Amino acid sequence: MTVSDNVAAPALVLFIVIYTSVFILSTVGNTWVLLTCYKTLKRRYSPFKWLLVNLAMADLLFTLLSVFNMIGYLWRWIGGNNTCKLQGFFVEASYTTSIMTLVTISYQRLKATTDPFSSRARNWCSREYLKPVIIWGFSLLVCTPLLHIYGIKTVDSNVACMTTRNGVIVPQIYYSLHTTLFFAAPLFYMIFTQIRIHLALRTSVRPTSKLFTSRAQRRHKKATKTLAALTIAFVICWSPFMVNRTLIYFRLAPKGLIWRASQLLIFLNTGLDPLLYGLYDGDLKTRILHMATSGGFPIALVATFTCVYFLIFLSSIVGNSFVLWLCYKLKRQRESSLMCYITNLAIADVAFTVLTIFDLMWTWTGGEISCKLQSFVIEACYSTSILTLVLISFERLKAVVDPLRVRLITRENMLRKLIAVWSVGAVVASPLLYAYQTQTDDTGTISCTHFVFSL
């Protein structure tokens with residue numbers, strides 16, 4: 001994503017919305033995985049958690065470095081030549097680390113399933129934290145040619161970070177080998193290990209202790225499901241990108257919309273990894289089921305509610321972003337009071353929509369100050385939306401009754417009206433800074449609620 005394409009405005013807005021959503025999901029999710037694994041490793045030894053930490057670190061680094069690509073796609077490359085080389089180097093190294101970590105997890109799961117006793121004996125005497133260090137060191141070594149391949153170049157009067165065109169043979173050879181050795185070969189190995197693990201779990205001989213057997217079987221099946229979910233997500237998200245990249249470097253396909261979509265798909269993988277871990281190996285599924293059953297609501301109803309929420313969330317973000325873009329375009333041609341009010345209404349709606357994410361969480365993720373501020377801003381946005389609609393109705397009435405006077409409205413007067421609307425909304429919502437607080441129930445779930453309801 002280096003040079004912005006001549007794509008349609010709705011497609012560009014949708015691209016930005018998806019990128020922002022995945023960025024938030026990946027950053028929050030991988031940070032949660034790191035904290036969860038840290039707490040687990042403090043309580044007990046777990047080789048699997050060390051590798052999950054490594055995978056989350058690679059995904060988090062990939063996510064943060066993608067900001068440079070996003071800015072370059074929308075505008076221009078903001079760093080120098082050295083920054084371009086380092087960014088391309090670490091992005092590819094983070095991907096290589098992810099695939100090598102998945103291969104290592106696959107190998108460990110296979111050994112733990114087929115030969116659990118010797119595997120456990122080896123694990124207790126080994127230093128598992130060295131494996132992530134070795135993986136990162138090997139990945140950085142593999143990606144060192146990118147320090148020569150990448151560089152900045154001016155394309156259509158825009159500065160872009162891309163592979164140099166002077167030596168096109170070198171990128172072709174490097175990416176062909178990299179795709180073969182660090183995508184195709186690991187992919188076949190992970191599929192092979194999944195088949196072996198599945199067969200081993202089905203044909204395993206039960207020892208005399210049924211309790212030991214049931215616990216071991218549950219533990220192996222849980223880890224196997226997690227690995228299978230991570231592998232499937234990796235294959236689905238990375239396969240289109242790998243195929244498309246190979247075709248592009250051999251000049252068999254253009255860098256068009258399909259290329260941008262495949263890049264967005266690999267970025268989606270960084271947000272899916274922590275979500276899949278939470279559902280299959282972490283306690284995210286347990287918390288969701290607890291929320292679904294503790295209130296007496298059936299799980300199907302909660303699932304329907306979640307799907308409807310995300311549908312409305314995406315519609316609101318995409319729709320209001322499109323309204324803001326359209327108002328900006330029309331403002332350059334003709335400025336009107338109605339356009340300013342609609343812009344204000346869209347801003348309030350977007351802020352309201354984004355802040356509702358906190359209310360959907362299974363437990364309150366912020367402190368008491370965050371609880372107060374979130375409730376205050378949500379109420380202020382709601383009050384601002386209502387007042388803006390009232391002003392639009394009043395302005396439309398005046399435009400019909402006294403059209404000549406309406407045309408005399410200046411930009412300063414309009415700005416004062418909008419400031420007044422937000423000020424009134426803030427004043428109306430200010431009592432919530434006192435009324436809302438965090439509260440912990442008997443199950444340890446933290447909620448942000450009005451203190452009246454806790455009496």
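## Close-up views of a predicted model

**View 1. Phe183 is a buried residue.** With a relative accessibility of 7%, Phe183 counts as buried, because buried means under 20% relative accessible area. The model shown here and in the other views is predicted. Phe234 has a relative accessibility of 2% and is therefore buried as well.

**View 2. Phe89 and Phe90 form an edge-to-face pair.** The structure holds 15 aromatic pairs. In the pair of Phe89 and Phe90, the ring centres lie 5.0 Å apart and the ring planes meet at 65 degrees, so the arrangement is edge-to-face. An angle over 60 degrees is what places a pair in this class. The two residues can also be described by their accessibility: Phe89, at 7%, counts as buried, whereas Phe90, at 31%, counts as partly exposed.

**View 3. Phe183 and Phe234 form a tilted pair.** The ring centres of Phe183 and Phe234 are 6.1 Å apart, and their planes stand at 40 degrees, so this pair is tilted. Phe183 belongs to helix H7 (residues 169–202) and Phe234 to helix H8 (residues 210–249); the pair therefore ties together parts that are 51 residues apart in sequence. Phe183 and Phe234 are also members of a cluster linked by ring pairs, together with Phe62, Tyr95, Trp238, Phe241 and Trp259.

**View 4. Cys84 and Cys161 form the one disulfide of the structure.** The sulfur atoms of Cys84 and Cys161 are 1.9 Å apart. The pair links distant parts of the chain, since Cys84 is in helix H3 (residues 81–114) and Cys161 is in strand S2 (residues 158–163), 77 residues apart. The torsion about the S-S bond is about 85 degrees, so the disulfide of Cys84 and Cys161 is right-handed.

**View 5. Cys37 and Cys143 are buried cysteines.** The relative accessible area of Cys37 is 0%, so Cys37 is buried. Cys143 likewise has a relative accessibility of 0% and therefore counts as buried.

**View 6. The protein chain provides the setting for the close-ups.** The chain has 16 helices and four strands. Of its 455 residues, 40% count as buried. The chain exposes about 25200 Å², and carbon and sulfur atoms supply 70% of this area. Among contacts between residues at least 6 apart in sequence, 75% join residues at least 24 apart.

Technical notes
Residues are numbered from 1 along each chain as its sequence is written. This is a predicted model: local features need pLDDT of at least 70, side-chain atom pairs count only at pLDDT 80 or more; totals for chains, interfaces and linings use all residues. Side-chain values use heavy atoms; hydrogens and water are left out. A disulfide is a pair of cysteine sulfur atoms within 2.5 Å. Helices (H or I, at least four residues) and strands (E, at least two) are DSSP runs, numbered from the N terminus. Buried means under 20% relative accessible area, exposed over 50%, partly exposed in between (1.4 Å probe, protein chains only). Contact means heavy atoms within 4.5 Å. Accessible areas come from the Shrake-Rupley method with a 1.4 Å probe; for residues, only the protein chains shown count as cover. Rings of Phe, Tyr and Trp (its six-membered ring) pair if their centres lie within 6.5 Å; planes under 30 degrees apart count as stacked, over 60 as edge-to-face and the rest as tilted.
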